Amino acid sequence: MVFAKIVETEKELQDAFFVREEVFVKELGIPLPLEKDEYDEIATHFVAYFEKQPIAAGRVRFLEDHTATVDRVCVLPPFRRKQIGVLMMQNLEQYIQGSHIKKVKLNAQTHAIPFYEKQNYYITSPEFLDAGIPYRAMEKTFDA
Ligand SMILES: CC(C)(COP(=O)(O)OP(=O)(O)OC[C@H]1O[C@@H](n2cnc3c(N)ncnc32)[C@H](O)[C@@H]1OP(=O)(O)O)[C@@H](O)C(=O)NCCC(=O)NCCS
């Protein structure tokens, strides 16, 4: 069974970092110093497990304009297209809504746009490059 949870221990944090490194650094070629950034100190992290092995991660930050931002959402390749990405987003969004925040912003790698669109995010920017990877900004507003 796969379950996702908020990171509460140093071990869980390292598990989330492990998945991020596998996906963003080893698979997608993002340099480690860019992948691990200063926001890791202030973000709320999430991790998912299958048979005690970490398989997915993501993090949330609250911004000064009363919105939240989601990033570093990732699932290990063998576990993709099994709705685990959706499970992570549901956990992140539940946490955001529990903090009475109504809007989520994120930067989607262009290949991941259908993943976010399926979860009712809409595109708000033209394409831009970050670390050589194309992105578009997306947002979602929760119903009042
Ligand atoms: C993007 C990512 C998190 C999706 O995770 P996932 O667990 O495979 O996604 P899900 O199974 O929950 O997908 C839900 C729906 O999103 C859509 N979707 C997911 N991945 C997709 C893809 N690569 N292309 C098109 N649609 C996709 C599909 O509609 C899918 O439903 P379906 O499989 O029933 O058709 C995962 O592919 C990943 O880790 N990618 C590398 C890291 C990354 O790019 N993260 C996003 C940074 S912005």
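Reader: How much space lies in the largest pocket?

Author: This is a predicted model, in which local features need pLDDT of at least 70 and side-chain atom pairs count only at pLDDT 80 or more, while totals for chains, interfaces and linings use all residues. Residues are numbered from 1 along each chain as its sequence is written, and side-chain values use heavy atoms, with hydrogens and water left out. A pocket is an open set of points on a 1 Å grid over the protein atoms alone, where a 1.4 Å probe fits and protein lies on both sides within 12 Å along at least five of seven lines; points are joined across faces, edges and corners, and the volume is the space filled by probe spheres set on them. By that definition, the space in the largest pocket is about 1,300 Å³.

Reader: Which element gives the largest share of the lining of the largest pocket?

Author: Lining residues have an atom within 4 Å of a grid point, and 42 residues qualify, with Val73, His111, Ala112, Phe115 and Tyr116 nearest the centre of the pocket. Two or more lining residues come from each of α1 (10–27), α2 (32–35), β3 (53–62), β4 (68–75), α3 (84–98), β5 (103–109), α4 (113–117) and β7 (128–130); these elements are DSSP runs numbered from the N terminus, helices being H or I of at least four residues and strands E of at least two. The largest share, seven residues, is given by β4.

Reader: How many residues of the lining of the largest pocket are charged?

Author: Ala, Val, Leu, Ile, Met, Phe, Trp, Tyr, Cys and Pro count as nonpolar, Asp, Glu, Lys and Arg as charged, and the others, Gly among them, as polar. On that division, the lining has 22 nonpolar and seven polar residues, and the number of charged ones is 13.

Reader: Is Arg81 buried or exposed?

Author: Arg81 is found in the loop between β4 and α3 and has a positive phi of about 60° although it is not a glycine. Most residues other than glycine have a negative phi. Buried means under 20% relative accessible area, exposed over 50%, and partly exposed in between, with a 1.4 Å probe and protein chains only. Because its relative accessibility is 84%, Arg81 counts as exposed.

Reader: What is the phi of His100?

Author: His100 lies in the loop between α3 and β5, and is exposed because its relative accessible area is 65%. In this residue, which is not a glycine, phi is positive and near 60°.

Reader: Is Arg20 buried or exposed?

Author: Arg20 is found in helix α1, and its C-alpha atom is 7.9 Å from that of Ala56, 36 residues apart in sequence. Since Arg20 has 1% relative accessibility, it counts as buried.

Reader: Which residue's side chain makes a polar contact with the side chain of Glu8?

Author: Glu8 is in the loop between β1 (2–6) and α1 and is exposed, with a relative accessible area of 61%. The distance between the two side chains in the contact is 2.7 Å, and the partner of Glu8 is Lys5.

Conventions
Polar contact = N/O pair within 3.5 Å; in protein donor to acceptor, adjacent residues only side chain to side chain.
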